[in-house]
Amino acid sequence: MRLFLLLVCAIAGARSQCNPSPTRAVGLKAPAQICSGDLIFDEEFDDFDLETWGHEKTAAGGGNWEFEIYLNNRSNSFTKDSKLFIKPTLSADIYGEEFLGSGTLKLYGGAPADECTNPSDYGCERQGFSDKLLNPIISARIRTVDSFSFVYGKAEVRAKLPAGDWLWPAIWLLPRFNKYGGWPASGEIDLSEGRGNLNYIAPSGQNIGSELSSSTLHFGPFWPYNGYIHAHFEKNTAPGQGFDKDFHRFQLEWTPDYMQFSIDDEVIGRVAPGDGGFWELGQFSQQVGTIDNPWQYGNKMAPFDQPFYFVLNLACGGINYYFPDDAQNPGGKPWLNTSPTASTDFWNARNNWLPTWNLDVNNGESAAMQVDYIKVWAL
């Protein structure tokens, strides 16, 4: 017993030497005490812990009129071999193809886990018409909004991005409390965004498909003012060695002085605002009139001085120009970003893009975003 007490005292003494850290965390899975260098979030996906990961349930399309419905369905989000899979499937396989053009999609639910999470843009209830079909894809978007959010630290996500035309994988973070107002005033951190097209070539000759990953900070006083162009970074792999071919480590170093993005320990971009903060970085005083700086009462990192939570999702298509009309893709692009029938045009061209998803091979895993782990360390 005496040896046990000595051991307890030794451990307690070690913790009493805890070096203070600027890192802060909130949520059900946040540690009670944070010391410099601590591993404060460690998700290995040995199991699909739905206490950590909450599903979104909506057809809202992420504000971009994307072509997917997000549901809590083990065909779309599951763990296997200690990896998370987020995989697209076809709405017609559940609802029937006729339903897409004539049915009414209702995503309401009585239980807390069944509630529609985003009603914007007819996200909770939507009617299908022959010329404006219901979202033809089902996928998943999960988040740690209730379980874990943090500010300042080092984050690493080991993931493999999907292959398949018009798939849009994203590993990102959103503000837990929107302290500075609605999007983009409270910020957004995109750790990795990609496109599943293997050979999607911009007019410049750059492959902007599966060989590209981008990292971005979104910030601005209100929509449509967004200073992301001053905090956007890209990394292309070698030709034929896209981010769909193997796992990569997507990394964020977030301090009270700067934010730095890396892939496999290679720095791809760093944002270090001066005393004028992100207002000065975004050059907003040159774009708007006498609007107040929403971050004037925060520190120079505002809005990135507040806790953010993780979001993992696999979207498809959309009309916000993320898939530019003037880029070249084998088989063409089936819709225009200006089309009022974009989702219908996309679905009607499925014989062109659906074979690239390979859903009938190995349970369609190549079309899934796969996440091996997520780790966050305190500074």
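I started with Thr23, which counts as buried at 6% relative accessibility (buried is under 20% relative accessible area, exposed over 50%, partly exposed in between, with a 1.4 Å probe and protein chains only). Ground rules for my notes: this is a predicted model, where local features need pLDDT of at least 70, side-chain atom pairs count only at pLDDT 80 or more, and totals for chains, interfaces and linings use all residues. Residues are numbered from 1 along each chain as its sequence is written, and side-chain values use heavy atoms, with hydrogens and water left out.

Back to Thr23: I found it in the loop between helix 1 (2-16) and strand 1 (24-26). Helices (H or I, at least four residues) and strands (E, at least two) are DSSP runs, numbered from the N terminus. The Thr23 side chain reaches the backbone nitrogen of Leu379 at 3.0 Å. Not counting residues up to four places away in sequence, Thr23 touches residues including Tyr152 and Leu379 (contact means heavy atoms within 4.5 Å).

I looked up Tyr152 next. Its phi is near 70°, positive in a residue other than glycine. Tyr152 sits in the loop between strand 12 and strand 13 (153-160) and is buried, at 7% relative accessible area.

Then I checked Thr144, in the loop between strand 11 (141-143) and strand 12 (149-151). Thr144 is buried at 1%, and its side chain reaches the backbone nitrogen of Phe310 at 3.1 Å.

Last, I went through the cis peptide bonds. Trp183 to Pro184 is cis, with omega near 5°. Ala302 and Pro303 are also joined by a cis bond, omega about 15°.

How values were computed. Polar contact = N/O pair within 3.5 Å; in protein donor to acceptor, adjacent residues only side chain to side chain.
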